[in-house]
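Subject: Handover of a structure and findings

Dear colleague,

Please find below the structure I am handing over to you.

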Amino acid sequence: MTQGSDVVGRVLRASTSGFDCGTRSSSINGNQNFGAFVTVPITDDQNQHAVGLIYAIRIDDDPLARELVMAANVDNNALLDHRENRMVPVEICVINVGYAQNGAYYYNLPPRPPMSLIEVRLMTSNEVCRFTEQTDFIRLVLNARDVKPDELLAAALIYASYAYPESERYDFMVRCGRRTAQLLSHDLKRLSHILSLISPPEPIS
Amino acid sequence: MNLLFGVNFQTMTLEFVKVVDQVERMGRYLGHRAQTMVDKLDIALDWFTAADDLGAVWERINVVRNSSVSGYRGAAPAPQPHDEVVSGVGTLPLTPKTAVIVAVDGSQIYPDPHGSALFYLINLGSLTYFYGRDRLPEPYTQPELIFIEDLLEDQDGRLINSQTVNTRRTIAEVQLLAKRAWALDQTMQAGTEENAPIFTIHDGNLLKFFNPTELVDAWQLETDYFRALQKLHESNAFAAGYIDRTSSSSVISLLHLLNLQPDEINDANLKTNGQIEGISDAQLFAAVLQPGERSAVFAQSSPQNKDYKDKYGAEYEIAFFYINVGDTRPHIVRIEIPMWVGRHKPVMDHLHALLVAQCAIQGRERYPYVLTRADELAYIKQTERQQLDELIRIELRRQQITPERSTKLESKGMARSSRRRYLLGT
């Protein structure tokens, strides 16, 4: 799940409900995925960390970028120049789904936001497993506003399942499906949609 | 705020009711002028097509160069043996395998007598582009804050004018081009950089006139400019000036000269372009050049250019040509080159091809990519101006100096600022 550098970006703006972090477009790699679990320190002594899910990744344009796109062939050096020198920022938006304090996870909003320019990193497989042992984070995702909560939850569950050994993935997904069913017992249409998103794909005959 | 039909009338000072009639009259005038221009352009095209005899052209040029006639300021063929048929057209050549293109642009903050302190700033931006290699272009910026009184005042103690700042910026641009080209040439000679021809692109004309009545230290500026050109030459770089919106009519003047009767060649008749007065070279070549094609190379007949040649040698005479860098519609640009570039046919072909390739990078906005980026690197944004001003104010206070304030500027700011509405309870 995490290979090499696990840095996602640095915090640009934050609140207790979430934060946006930024990185250079040239630094985009497998670390910036929709539904990925990330963590960021919220105290100087590193004893408290916010835990969040990436719910949006944005790349801004400008008139020059639009002109480069209009060219018959995008010049490779201009492309390099645009990505490396013009420092096109990539913004990664994160919603908080819990926090860690002295090694224990809490499934609520963190007590304070992270400070600007703090490094945001992906959670390790071990951390994801420990955080998702309990499924209380699902409630926070389903109640999130200004994001697509159903798609985000599905992506996060699939992402988290890969942190588990293959033999445990099915049980994890069933456990999460049950918890989602409890929370959405009043909204069967929505429940059905989420379950279809996390169901294993039918083998092609 | 007084909003009517979505327009904020409280802040409007231009009375459109009084302008609408004038706009209509302007439209009728421009329509009539456009029709007249079409007729004149037809004449110019006929004369251009007929100008295919270099011998006859030189004969006529020699008349205005070697007689009492001194008012001719038009084009002439490039010096022999590098001259080309006036009506000749160069097709788009192949680009070189590799080349290095360096562009520099600049912007400035003018000295402001109403500002917190007296200074001006020149910010230069440069991009080095490695053509034919997958290599990251190299950006470079060079800001320079000028605050010494001697450089801010003329000999009579008056604040220098904006033309002087502009000229100093232009010279700094050429000096930076020379510095970058020199460094590249040194690394190529040392073998640490792959060998490739170096082309430097300056945004603007190379034939400059340093008017002593307008500029402070005009003579020094001219000397500095030529030193920079000489350093460019010594760097084995091929220099070019890129003029995007040219209003020049040098070639039109040449066509007018060629179609005068021998007894009509006098200063009075050369003051205008007669039957084709008002047509520009760009309009002519928009009708002549296909996408990617270039015109013949010409030299500008002017006292400045003669001065360049006499003082610094034939290689420093400035020549020019036009390229249609457009794709679907004509876009004529003027390229100025010193004759050390114009005398090499393969170099001219490479320059021609590289400029068209550079313009094609940006899609619809046909302009060399290197110059666009150099401008972006040099441009000082309004917020940056304010931040610099703040930085200077802080530094002045640290030095126990109270920043100057202008009553005039502050009272103007009060009158120009937006109104506030009274709200109950505030």
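How many disulfides does the structure hold over all chains? The number is zero. Please note that this is a predicted model. A:Cys129 takes part in no disulfide, and the nearest cysteine sulfur, which belongs to A:Cys176, lies 11 Å away. A disulfide would need the two sulfur atoms within 2.5 Å. A:Cys176 is likewise in no disulfide, its nearest cysteine sulfur being that of A:Cys129. A:Cys129 counts as buried, at 15% relative accessibility, and A:Cys176 counts as buried at 0%.

Chain B

Chain B contains 14 helices and 13 strands. Its C-alpha atoms fill a box of roughly 85 × 65 × 50 Å along the principal axes. Of its 426 residues, 47% count as buried. Among the contacts in chain B with a separation of 6 or more, 74% are between residues 24 or more positions apart.

The interface of chain B and chain A

The contact draws on 19 residues from chain B and 15 residues from chain A. Together the two chains bury about 1,500 Å² between them, and 52% of this is on carbon and sulfur atoms. Eleven residue pairs are in polar contact between chain B and chain A, counting pairs with both residues at pLDDT 80 or more. On the side of chain B that touches chain A, the elements giving two or more residues are strand S6 (120-131) and helix H12 (369-378) of chain B. H12(B) gives the most, with four residues. By class, this side of chain B has nine nonpolar, three polar and seven charged residues.

H12(B) is also largely enclosed by the rest of the structure, because seven of its ten residues are buried. The buried residues in H12(B) are B:Tyr369, B:Val370, B:Leu371, B:Thr372, B:Arg373, B:Ala374 and B:Ala378.

Three salt bridges are found across the interface of chain B and chain A. One of them pairs A:Arg86 with B:Glu376, whose closest N and O atoms are 2.5 Å apart. B:Arg364 forms a salt bridge with A:Glu67, with 2.7 Å between the closest N and O atoms. B:Arg364 lies in the loop between helix H11 (345-360) and H12 of chain B, while A:Glu67 lies in helix H1 (residues 63-70) of chain A, so this pair joins two chains. A:Glu67 counts as buried, at 8% relative accessibility.

Salt bridges within the chains

Over all chains, a search of the whole structure finds 31 salt bridges. In chain A, the side chains of A:Arg13 and A:Glu91 meet in a salt bridge at 3.1 Å, N to O. This pair links distant parts of the chain, with A:Arg13 in strand S1 (residues 7-15) and A:Glu91 in strand S5 (residues 89-101), 78 residues apart. A:Arg13 is partly exposed, with a relative accessible area of 42%, whereas A:Glu91 counts as buried at 18%.

In chain B, the side chains of B:Arg366 and B:Asp327 meet in a salt bridge at 3.3 Å, N to O. B:Arg366 is in the loop between H11 and H12 of chain B, and B:Asp327 is in the loop between strand S12 (318-324) and strand S13 (332-338), 39 residues apart. B:Arg366 counts as buried at 13% relative accessibility, and B:Asp327 counts as partly exposed at 46%. Salt bridges that share partners also join B:Arg133, B:Arg135, B:Glu138, B:Glu193 and B:Glu194 into one network.

With kind regards

Key:
Residues numbered from 1 in each chain as written. Chains lettered and ligands numbered in written order. Predicted model: local features only at pLDDT ≥ 70, side-chain atom pairs only at ≥ 80, totals over all residues. Heavy atoms only, no water. Contact = heavy atoms within 4.5 Å. Buried area = accessible area lost by both parts, 1.4 Å probe. Salt bridge = Lys/Arg side-chain N within 4 Å of Asp/Glu carboxyl O. Polar contact = N/O pair within 3.5 Å; in protein donor to acceptor, adjacent residues only side chain to side chain. Nonpolar A, V, L, I, M, F, W, Y, C, P; charged D, E, K, R; others polar. Buried < 20%, exposed > 50% of the residue type's maximum accessible area, 1.4 Å probe, protein only.
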